[in-house]
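Open the model in your viewer and keep the selection panel at hand. The tour starts at the ligand and then moves to the aromatic rings.

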Amino acid sequence: MPSATPSTSSARPRILSGMQPTSDSLHLGNYLGALVNWVELQNEFDAYYFVADLHALTVPTDPAVLRRRTRITAAQFIAGGVDPEQSAVFTQSHLHEHAALGWVMSCLTAFGEASRMTQFKDKTAKGQNANVGLFTYPMLMAADILMYDAAYVPVGEDQRQHLEITRDLAIRFNQRFGETLVVPEPYILKQGAKIMDLTDPTAKMSGSTSPEKGLILLSDEPNRIVKKIKSAVTDTDSEVRYDPESKPGVSNLLVIHSVLSGTAIADLEKSFEGQGYGALKSEVAEVVVTAVQPFQKRMAELLDDPAELDRILAAGAERAHEIASRTVGRVYDALGLLPATARFGR
Ligand code: TYM
């Protein structure tokens, strides 16, 4: 029988996060808003990091492309510093439990509540021909999180609303069916949680909506990175000062520098005093290139050995499955679904 209480008995609290394999490379926003934090937190927490390949099906997908991007995304987690010996690295579709719990979450969500989710509203407002999967996307994400009794979920700012509905669903489930699910907390960095598009610093850097020049891919050639940063939109003033309201472009560059170099923004402002934006851009480009070069080397090694990568994903899925199967058992039991033993007569 499944245990009746959430499995938070391991010594360290659990964290979980995921990324969609919707591009041939993660971008600097994914890296600074989430991945650097994943790496940092894996020492302190029992960490589960996955490729959200089922979520990627909410947009039209070519099978060969999805396969390639799923491996690339996993390789980039590891190239960015996730240690698969320490953290479970896996693919969402390897565990059928995600879709099963996603269904339960959909049945717990009011239609109006789902209709208010901004991601769905934004995408359909832009004329995207949405499928029902895009509508129920947040419920699958809630399932991903609640599955692992995650105490914290390290993500960028754009995922905040999804975490709020996840919390609401966990609380609702517990109220209706008894204490079953852990209510998670978002873990959103103060700095780097919203990296902006280089060509339009009032919009977030996004793999699906930013133009090529607004986006730094972690796989970009160094000279391409330098070019993109040098042509980043700033403002007509020349003072290097952090002021996201009136200087969003300069502030974005300062944040990128600060998170990657570990230098406080106030110290950067001082060091660029009396110098123009050209100096700031040159140094930011250098800092980014220095960070991505070892990353790219490691990524190439990992992608050169897909069998090893698949082995890592299988081992991660096995670890994840131990928890996932217990959670679904506990949830089904709380709901009043008969145990599967009754069906198979064992
Ligand atoms: P995704 O794949 O869009 O993004 C992956 C992570 O990158 C962060 N991020 C950013 N951070 C700062 N600045 C930006 N410009 C920027 N763009 C993206 C995102 O906040 C995210 O942390 N729905 C999720 C995937 C998911 C998930 C989950 C996450 C599915 N299930 C369970 C956490 C827990 C998504 O589409 O992220």
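Ala, Val, Leu, Ile, Met, Phe, Trp, Tyr, Cys and Pro count here as nonpolar, Asp, Glu, Lys and Arg as charged, and the others, Gly among them, as polar. This is a predicted model: local features need pLDDT of at least 70 and side-chain atom pairs count only at pLDDT 80 or more, while totals for chains, interfaces and linings use all residues. Residues are numbered from 1 along each chain as its sequence is written, and side-chain values use heavy atoms, with hydrogens and water left out.

**Stop 1: the ligand shell**

You get 27 residues, the closest being Y137, D144, G156, D158 and I195. By class, 13 are nonpolar, 11 polar and three charged. Colour by secondary structure next, where helices (H or I, at least four residues) and strands (E, at least two) are DSSP runs numbered from the N terminus. β1 (14-19), α1 and α7 (132-147) each give the shell at least two residues.

**Stop 2: polar contacts**

Look for N or O atom pairs within 3.5 Å. The side chain of Q20 puts an N or O atom 2.9 Å from a ligand oxygen. For N30, the distance from a side-chain N or O atom to a ligand oxygen is 3.1 Å. Y137 has a polar side-chain atom 2.7 Å from a ligand nitrogen. How much of the ligand's 710 Å² does the protein bury? The figure is 95% (Shrake-Rupley areas, 1.4 Å probe).

**Stop 3: aromatic pairs**

Now show Phe, Tyr and Trp rings (six-membered ring for Trp): centres within 6.5 Å make a pair, with planes under 30 degrees apart stacked, over 60 edge-to-face and the rest tilted. The whole structure holds 11 aromatic pairs. Select Y31 and F295: their centres are 6.3 Å apart and their planes at 65°, so this pair is edge-to-face. Y31 is in helix α1 (residues 28-41) and F295 in helix α12 (residues 277-304), so the pair ties together parts 264 residues apart in sequence.

Check burial too: buried is under 20% relative accessible area, exposed over 50%, partly exposed in between (1.4 Å probe, protein chains only). Y31 is buried at 15%, and F295 is buried at 5%.

Go on to F173 and F177, a tilted pair with 4.8 Å between centres and 45° between planes. They sit four residues apart in helix α8 (residues 160-177), about one helical turn. F173 is buried at 0%, whereas F177 is partly exposed at 31%.

Technical notes. A residue is near a molecule or strand if one of its heavy atoms lies within 4 Å of it. A polar contact is a pair of N or O atoms within 3.5 Å; within protein, one must be able to donate a hydrogen and the other to accept it, and residues adjacent in sequence count only if both atoms are side-chain atoms.
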